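I opened this notebook to record what I looked up about helix packing and aromatic rings. The structure comes first, and my entries come after it.

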Amino acid sequence: MRDRKSILVVGAGKIGATIADLLTGSGDYDVTVVDRDQAQLDALDAALPVARVRLDIAGDGALDRLLAKTFAVLSAAPYHLTTRIAEAAARAGVHYLDLTEDVASTRRVRELAADAKSAFIPQCGLAPGFISIVAHDLARRFDTLDSVRMRVGALPQYPSNALNYNLTWSTDGVINEYCEPCEAIVEGELVEVPALEEREEFSLDGVTYEAFNTSGGLGTLCETLKGKVRTLNYRTIRYPGHCAIMKALLNDLGLRHRRELFKDILESALPTTLQDVVVVFVTVSGRRGGRLVQETYANKIYSARVNGITRSAIQITTASGICAVLDMLATGELPRRGFVRQEDIALDTFLANRFGRAYGQPAPQPYSAAA
């Protein structure tokens, strides 16, 4: 029997709620959920056996007393709060995990990890996160690498507007990854490329998609594979037409400089949906035994019922990712001190984990609107 671990989850939104549900459902974690919005806390499943704390963590030292005797803090908060949570974890000497795609925040987390007495594991979601685990697993099978191409998207199963998109994830996160520069390796050199550019189309299972540059999805892979690969890039998957409209809104109309306004427009005009699909598509090419070889990982994960509640595919994949990493940390399968990269995690170990098994979902689950 495992010793129960005390976990603090910061953020009671879609992902934070799913994390709390998964962890409490396992029976091995005591969970406290923190949010500054009482309405978000009240929206958590009433039957969920978690402590709920209303707290604005932007206040100096606000988190410190809650972190006492806590095994780990998991950030499911907006990306701009990442460093504040990580700094509190460093002061308290507790393990830290997050879901951020923000490159600058991850650099600060790495700085904090250098002198930390606990583990700092950023980018534990889908992309960055699981996508890096898959890409590194494929890459290690080659004698020499040529290209690593990573594609991920969370899409509505039934698109019905001009953007071919519904809100299934953090609006702040989507806007940030559409605006910030993107890391890539081009002809062996680490470079920054603009978001929303280098659009391409591909088909999978008879469905046509587009993919284009977005920020943060590579995690730390650029650094890990620098000098070992000619081409490395990450692109977000959408249905065709989405990129062109987003470029017009963000660039031509200047909404990249008015992010709060753009967020309000998106959240007012685009409905949320639980009927979504996460597409993961990774292709690696290189030489093995003197021959040029290509290997591809392709997977689709759909919305499903989790502990009696219908969760979207992006909720399931993102929350399962960070819960699996926490589980491996708790059982000693990952280092308990310093900076831990996603590519340090073995794919087989991840998929064998009770939470990581969500990525092995073999087929679409029947959709139910019931809560």
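The entries below take up a pair of helices, then aromatic rings, then charges placed over rings.

Entry 1. I noted at the outset that this is a predicted model.

Entry 2. I looked up how helix 4 (residues 82-92) lies against helix 5 (residues 103-113): their axes come within 9 Å and cross at roughly 10°. Angles under 35 degrees count as roughly parallel, so I recorded helix 4 as roughly parallel to helix 5. I then listed the residues that meet: Thr82, Thr83, Ala86, Glu87 and Ala90 come from helix 4, and Ser105, Arg108, Val109 and Leu112 come from helix 5. Sorted by class, this contact holds 4 nonpolar, 3 polar and 2 charged residues.

Entry 3. I looked up the aromatic pairs and found a count of 9. I examined the pair of tyrosine 178 and phenylalanine 212, which is edge-to-face, with 5.9 Å centre to centre and 65° between the planes. Tyrosine 178 belongs to helix 7 (residues 171-179) and phenylalanine 212 to strand 11 (residues 207-213), so the pair links distant parts of the chain, 34 residues apart.

Entry 4. Are these two residues buried or exposed? Buried means under 20% relative accessible area. Tyrosine 178 is therefore buried, at 1%, and phenylalanine 212 is buried as well, at 0%.

Entry 5. I also found one aromatic cluster, formed by Phe130, Tyr297, Phe350 and Tyr359.

Entry 6. Last, I looked up charges over rings. The charged end of lysine 5 sits over the ring of phenylalanine 71, 5.3 Å from its centre. Arginine 288 lies over the face of phenylalanine 142, 4.7 Å from the ring centre.

Definitions and conventions:
Residues numbered from 1 in each chain as written. Predicted model: local features only at pLDDT ≥ 70, side-chain atom pairs only at ≥ 80, totals over all residues. Heavy atoms only, no water. Axes fitted to C-alpha atoms, helices over the stretch in contact; angles between N-to-C directions. Helix = DSSP H or I, 4+ residues; strand = E, 2+ residues; numbered from the N terminus. Parallel < 35°, antiparallel > 145°, perpendicular 65-115°, else oblique. Contact = heavy atoms within 4.5 Å. Nonpolar A, V, L, I, M, F, W, Y, C, P; charged D, E, K, R; others polar. Phe/Tyr/Trp six-rings, centres within 6.5 Å; stacked < 30°, edge-to-face > 60°. Buried < 20%, exposed > 50% of the residue type's maximum accessible area, 1.4 Å probe, protein only. Lys NZ or Arg CZ within 6 Å of the ring centre and 35° of its normal.
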